[in-house]
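Here's a quick briefing on how two chains meet and how the side chains pack. Take a look at the model first.

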Amino acid sequence: MSKLKTLSDALDGIEDGATVGLGGWIFNSQPMALVRELIRRKKRNLRLVPAPGSIAPDMLIGAGCVAETGCVFISFEQFGLAPHFRRAAETASIKIHELDGPAIAGGLRAAACDLPYGLIPDMCTDLPRVNPQTYQPVPRQPGERAMLKVPAIHLDVLLLHAQQADELGNVQYFGPVFFDVLMAQAAKKVIVSVDRIVSNETIRRDNHLTKLPSAFVHAVVEAPFGAHPTSSGGLYEADDTHLAAYVKASGSTESFATYLDTYVGGAAVHADYCKRIGNPRLPEQATR
Amino acid sequence: MTDTDCSMAELHAVLLARDLRNGEKAIVGTNSDVQVAACNLARASHAPTLWWVSGPGGMINCNEPVIRSTARTENIAWSEAMMDLPQMVDFIDWKLHFFDFAILGAIQIDRYGNINTVCVGPHDKPRLRGPGTVGISALTALARRFYVVMARHDRGSFPERVDFLNGPGFLDGGTSRTDRGLPEGGPKFVLSPLGVFDFEPVSKRMRVKSLNPGVALEQVHKQTGFELLVEETPPVTAMPTAEELKTLRASVDTTGVLRERRRA
């Protein structure tokens, strides 16, 4: 049965207040076409669980869609701090659940395995002080390592971007998978945008690239340049000019409203967005 | 300009590379130009079997003579292996002493080498919100040693105590790190624009190891938020030799990513 959906249909059923995972890593494979569609639909009070990210969580926060976010790492690297995340934190306008790598990995693994919590080493940080719900003490026997337990992280829905898939929902990655696969195992619903839909025959020819077999995937959406302005597994690199323009536009409420109007609200469907960024073309080859 | 003029980023890469040993294992984060350069410079000179992995991307021993973000897909073609993160988290976040070292940046570092990349001011309403912790807690806690590269050196970035401790150094000094159940380890050097700093072996307090050319000890004291230990007169930092810079520029950073930075 085909899992191929339109961008709009794929996001049906996401409620306000849902716990939404975001895949990719900093400027790589952020699920931007799906994020822009969430903003068009004016989703509110979302609880984000972003893998270490940049513009995906930042734009959702800036557009007013977010009540709470986990933060493992939200950064604009060479462009500075994440503008809307930073402002929301400094004005305490959203709730931030401070996390480190072990807590998100342990929590996702626990959810993937239907365990109530995971165990992580106690690194003697200040994280338990500001996030006692996540970092819980466990009794320590003599000679054992000091450990903490972290509750399972269950995602209502996970948004990902990858390079190609077939209609059945077999998703292929030409580059690193980052936390995408682990998050998919912890999610009730997994929605993946891909730069192109290919035949099942093409998928079978390079089956080592299928990192998300169809059983883990609920919907695939064809969205060429769907990770833009971040990169997509070697098909295209991050658009530094656009990222710099986003940071600049984020400097004031007015200029950010103009940005959203240009690239989100005023680009009613993904094809309009592609037009706004100059209709770039994907490379021809099927795989790397 | 002479053939030993270099940028601060090149100086830091060379100083780090000298301390890395053959056969050691390391991890490098996403936005890590100096770290990649240090590892590949060590591999190109005295440590050909140093082993390093891109933290998020899983590419191992990428030897392209161009400095890029370690998460980029182009690195795959230049690597010996490509590992998936769900497997790598076993040795990144749980295993003791798998990595010999990590090289990290920070917003703040304190007198015991604890680091902060989360926030300045109170966590619930910070004056400055940083990017967060990612692997820093695990690497500072579980690697055999770590290095810290500070982009700035002032009283705000070198406070008496970090505003948020998300990377354990020597905690409260002395034996407190191991007393609280962490494995042996902690920071070895701190590199700042002013010099190189290490930690006195018993008290674990930060001390001056060397001063960069033209930097006065008085200036360092004035720009540090705690009392730095000083033993005798600190030497001037041993700057990169012509040979080291030649290897760095011809075999590691051929497009001059580090060279373009501010001059040392």
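Across the interface of chain A and chain B, 18 residue pairs are in polar contact, both at pLDDT 80 or more (N or O atoms within 3.5 Å; within protein, one must be able to donate a hydrogen and the other to accept it, and residues adjacent in sequence count only if both atoms are side-chain atoms). Keep in mind that this is a predicted model: local features need pLDDT of at least 70, side-chain atom pairs count only at pLDDT 80 or more, and totals for chains, interfaces and linings use all residues. Residues are numbered from 1 along each chain as its sequence is written, chains are lettered from A and ligands numbered from 1 in the order in which they are written, and side-chain values use heavy atoms, with hydrogens and water left out.

**Interface**
- Contact (heavy atoms within 4.5 Å) brings together 52 residues of chain A and 45 of chain B.
- You'll find 4 salt bridges between chain A and chain B (a side-chain nitrogen of Lys or Arg within 4 Å of a carboxyl oxygen of Asp or Glu).
- One salt bridge joins the side chains of B:R129 and A:E98, at 2.7 Å, N to O.

**Charges over rings**
- A:R36 sits over the face of A:Y273, 3.5 Å from the ring centre (the rule wants NZ of Lys or CZ of Arg within 6 Å of the ring centre and within 35 degrees of the ring normal).
- Over in chain B, B:K204 lies over the face of B:F170, at 5.4 Å from the ring centre.

**Packing**
- A:V192 touches A:L34, A:L160 and A:V171, among others, not counting residues up to four places away in sequence.
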